Amino acid sequence: MAAPVVIVGGGQAAVQLCLALRKEKYAGDVVVCSEESELPYHRPPLSKAYITGKTDDEKLLMRPESFYQSRNIDLRLNCMVSAIDPAAKSVTTAQGENLPYQYLVLTMGARARHLPVKGRDAVGVVELRDIKDARQIKDRLSGCKNVVIIGAGFIGLEVAAALNVQGVGVTVFDTAERVMGRAVAPEISRWFEATHRAAGIDIHLGEGITEITAADDGNVSGVVRSNGERINAEMVLIGIGVEPHTDLASAAGLDCENGIVVDQYCQTSDPSVFAAGDCANHPNVFADGRRVRLESVQNATDQARTIASAIAATENNTPPDKPYAAVPWFWSDQAEHSLQMAGLSFDADTHITRGLPADGSFSVFHFRGNDLLAVDSVNASRDHMLARKLLGARISPTRLQAEDVDFDLKTLL
Ligand SMILES: Cc1cc2nc3c(=O)[nH]c(=O)nc-3n(C[C@H](O)[C@H](O)[C@H](O)COP(=O)(O)OP(=O)(O)OC[C@H]3O[C@@H](n4cnc5c(N)ncnc54)[C@H](O)[C@@H]3O)c2cc1C
């Protein structure tokens, strides 16, 4: 029997890859090394329904244990990979075991970015990346009247909205001038900022904190604003973005730059090694082939499919023929509001609004010249689904059609 496919990481991309490899009729052994002690689970609910008890551990599971058994997947929990030896085609685990591979797939995701601020180590200063973090937040919430959130990105705002609905006092700080500023159109930022403020969340933009304070028992007591004012809090969540896990890959000599560098087949600079998901920096056809690193379920899932197909092709002695070309999309649920994004908007020069923000349901269409690049939708799922289809088919509405709510975009398909 040939050496197996070894997958490092047991998250979104890893589970999809297991599924896709078997769908592609890959009959060899598959070993998944996950450093976590849990069966692979969905991360998105952690910042939404899970922390407020609206969903439980069982519902988070991506697949039951029997899924791995029935597909002959050797899922190893508590199994951190500590080194890769590309010459020997093997990985070493923290327990000292050597695992040979025929193909190695790196799906290690990302870690929360560190905030170097005084008081960072107080008890009750939390991040949110995995289920252990979410449990810590959930446990701590019972004694919490006030929470400070540093970072008004997706995770910060999702948690802010979920806790606010529960009656917890929430204060959010971000040094940027608008919420979710790196990802959405200014109009969307303004709408969410106003909506969260109206719901009672205290938002401070263009402002960081200078210190996290703690009581004598080591528990966090609040933060100090840049103007010296103290704000009380029994929990402080730091959500200022993530950094891709590249240490293993760069120590093994693989090209890394803002992630593990891969080509259109998710292959790294070593042809036996692939990377997918949050840790992979890939050329994206929806950004004219420019390299991007996306942090989304869609990206992890579709890249895993690309890798399975490339491995299946290699096994059949044919060159891979299904490059990664999926329409990027993402969602963020903030209280009862749904934000859905399709495409990549960073090269856009014109932004057209469809619908009235004041009505609480609208979309922003991003164009470069006459080409539609992306659509951000607020409480407008139909626009989002049509946008994915239009972008996938490379069909652009005119700006007038995009703006005109009476024009049915479906007729363009
Ligand atoms: C709280 C939260 C909310 C989110 N909400 C949304 C959302 O609403 N919509 C959306 O599209 N996306 C959302 N995301 C992002 C989405 O979950 C990620 O993009 C996706 O999980 C990436 O999949 P991945 O397989 O690359 O990494 P992950 O799913 O993060 O899995 C990586 C795994 O690798 C493990 N690992 C790392 N290093 C090693 C090692 N050396 N050895 C063994 N194992 C290792 C990690 O512990 C982890 O289990 C959210 C993420 C979080 C954290």
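Guide: Let us begin with how residues are classed: Ala, Val, Leu, Ile, Met, Phe, Trp, Tyr, Cys and Pro count as nonpolar, Asp, Glu, Lys and Arg as charged, and the others, Gly among them, as polar. By this scheme, the shell around the ligand holds 15 nonpolar, 10 polar and 7 charged residues. The model is predicted, with local features requiring pLDDT of at least 70 and side-chain atom pairs counted only at pLDDT 80 or more, while totals for chains, interfaces and linings use all residues. Residues are numbered from 1 along each chain as its sequence is written, and side-chain values use heavy atoms, with hydrogens and water left out.

In total, 32 residues surround the ligand, a residue being near a molecule if one of its heavy atoms lies within 4 Å of it. The closest are A13, E35, E36, K48 and D278. At least two residues of the shell come from each of α1 (12–23), α8 (297–315) and β22 (329–334); helices (H or I, at least four residues) and strands (E, at least two) are DSSP runs, numbered from the N terminus.

Polar contacts can be described next, each being a pair of N or O atoms within 3.5 Å. For D278, an N or O atom of the side chain is 2.7 Å from an oxygen atom of the ligand. The ligand taken alone exposes 1000 Å², of which the protein buries 95%; accessible areas come from the Shrake-Rupley method with a 1.4 Å probe.

The domains place this site in the wider chain, their bounds coming from an automatic or database domain assignment. The chain is divided into domain 1 (5–111 + 242–315), domain 2 (114–238) and domain 3 (336–412). The ligand lies between domain 1 and domain 2 because both give residues to its shell.

The centres of these two domains, taken over C-alpha atoms, are 30 Å apart. Their contact (heavy atoms within 4.5 Å) takes 18 residues from domain 1 and 15 residues from domain 2. Between them, domain 1 and domain 2 bury about 1500 Å², 57% of it on carbon and sulfur atoms. Buried area here is the accessible area (1.4 Å probe) that two parts lose on being put together, summed over both. On the side of domain 1, S47, Y50 and I51 lose the most area to domain 2, together 36% of what that side buries.

How values were computed
Polar contact = N/O pair within 3.5 Å; in protein donor to acceptor, adjacent residues only side chain to side chain.
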